[in-house]
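I opened this model to look up a few local features. My notes follow, entry by entry.

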Amino acid sequence: MGKATILIVTARWDTTAYAAAEILRRNGRESAFFYPEDIPQRAQIESVFRQGAWSNKLHTEDGLIDLDDIKAVWWRKPYVPRPSPELSRVQFPYARRESDYAVKGLWELLLHKPDVYWMSNPHNIRRAGNKMIQMVRAAAHGLVSPKTIITNDPEDVRAFYEETSQRMVFKSMTGPFLLPGEVEEKYISETFVPGLPLVRPFTEEDMKQVDSVRQSACMFQELVEKDHELRVTVFEDQIFTCRIESQRNDLTRYDWRRQDSVPLATAGELPDSVANACLELMKEFGLRYGAFDFIVTPEGEHVFLEVNPNGQWLFVQEWVPQLRLMQAFVDVMVRNS
């Protein structure tokens, strides 16, 4: 490993990070990958405190990372440390807590270095990632969101179903049922249910099973009619708008993120008022990157769904090559490293 100035903190499946690292290398910046899940089995921490200061190094399977050399951190999709499964049920959580404590200490030290650039601060990502906070702050900046309820009370769901004239969608707040790295067993692609949409209309058949919401907090929203949808990607003050014709395909009508169908996508436009609101939200949350999702109704109203402070973006450029997201990202990271 060469002398890296950019640290990419992520998980091993992150193909976007690998692609970006190669482009960064071509632009004269070496990146180092660190997977927190490798601690303590596949990577080691070396932190030494002397004369009032810490010296921090990471020993990974790819080589040594000297954190004193790091000038920029790209915080992507990291998992927590994963101790040996051979530890007892008492030892395992203790080893994970201790390892996680040390790893978080490394990030805090880097966050307090004024010359280290972060995309983005993980504390800001965590706060901004909560949809409940997003929606109220979006409203403060003039954006409109669907009527929403979060509950684990079946009676609340029944009442909301009637309030929306039985036009209601269920929406996952955190992602699919199971994500890579959430279990100790080896992850395989079959963990996902092929074609499973994360957003879908609630039906009368679903209402017969509504008591199951007692098992978990669930999000329900009014069904908003769509003309098309927008994926708005922001790097600092640069805005890229992708128009998604989700309504032209029954498979993507309620959720264009399905893995078994790619929607038609083109470069889109964003009203100045909506663009400014996106930038203000980024500023308020302290983000340097954000992926915004909007519904555009048949009447032309822009309905804010969410901002993902660490969402995927390479697929947008693959769908619409003239939206040069990779170049925007590389320019920012090169300039700040």
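I looked up Arg324 and found it in the loop between α8 (314-319) and α9. The model is predicted, so I kept to its limits: local features need pLDDT of at least 70, side-chain atom pairs count only at pLDDT 80 or more, and totals for chains, interfaces and linings use all residues. Residues are numbered from 1 along each chain as its sequence is written, and side-chain values use heavy atoms, with hydrogens and water left out. Helices (H or I, at least four residues) and strands (E, at least two) are DSSP runs, numbered from the N terminus.

Next I checked what Arg324 touches. Setting aside neighbours within four places in sequence, Arg324 is in contact (heavy atoms within 4.5 Å) with Phe240 and Gln317. I also took a distance to Leu314. Arg324 and Leu314 lie 10 residues apart in sequence and 9.6 Å apart in space, C-alpha to C-alpha.

**α1 against α9**

Helix α9 (residues 325-335) packs with helix α1 (residues 15-26) at an angle of about 60 degrees, and their axes are 10 Å apart. Axes here are lines fitted to C-alpha atoms, for helices over the stretch in contact, and angles run from 0 to 180 degrees between N-to-C directions. That angle makes α1 oblique to α9. The classes are these: under 35 degrees is roughly parallel, over 145 roughly antiparallel, 65 to 115 roughly perpendicular, and the rest oblique.

I then asked which residues of α1 and α9 make the contact. From α1 they are Ala19, Ala20, Ile23 and Leu24. From α9 they are Met326, Phe329, Val330, Met333 and Val334. By class, this contact of α1 with α9 has nine nonpolar, no polar and no charged residues. Nonpolar covers Ala, Val, Leu, Ile, Met, Phe, Trp, Tyr, Cys and Pro; charged covers Asp, Glu, Lys and Arg; the others, Gly among them, are polar.

α1 passes α9 in a right-handed crossing. A crossing is right-handed if the near helix is turned clockwise from the far one by less than a right angle, and left-handed if anticlockwise.

**α4 against α7**

Helix α4 (residues 131-140) and helix α7 (residues 272-285) pack at about 125 degrees, with axes 10 Å apart. That makes α4 oblique to α7. The crossing of α4 and α7 is right-handed. Ile133, Gln134, Arg137 and Ala138 of α4 meet Leu281, Glu284 and Phe285 of α7. By class, the contact of α4 with α7 has four nonpolar, one polar and two charged residues.

**Cysteines**

How many disulfides does a search of the whole structure find? I got zero. A disulfide would be a pair of cysteine sulfur atoms within 2.5 Å. I then checked Cys242. The closest cysteine sulfur to that of Cys242 is in Cys278, 14 Å away, which is too far for a bond.

Buried or exposed, where does Cys242 fall? Cys242 is buried, at 0% relative accessible area. Buried means under 20% relative accessible area, exposed over 50%, and partly exposed in between (1.4 Å probe, protein chains only). Cys278 also counts as buried, at 0% relative accessibility.

**Tyr35 and its loop**

I found Tyr35 in the loop between β2 (31-34) and β3 (44-50). Tyr35 is buried, with a relative accessible area of 6%. Not counting residues up to four places away in sequence, Tyr35 touches Thr10, Ala11, Arg12 and Tyr18.

Pro40 sits in the loop between β2 and β3. I checked the peptide bond from Ile39 to Pro40 and found it cis, with omega near 5 degrees.

**Other backbone entries**

I logged a cis peptide bond from Met119 to Ser120, with omega near -15 degrees. Ser120 is in the loop between β7 (117-119) and α3 (122-128).

I then turned to the loop between α5 (154-163) and β9 (168-171), which holds Ser165. Phi of Ser165 is near 55 degrees, positive in a residue other than glycine. Ser165 counts as exposed, at 57% relative accessibility. Gln166 is found in the loop between α5 and β9. Gln166 has a positive phi of about 60 degrees, although it is not a glycine. At 37% relative accessibility, Gln166 counts as partly exposed.
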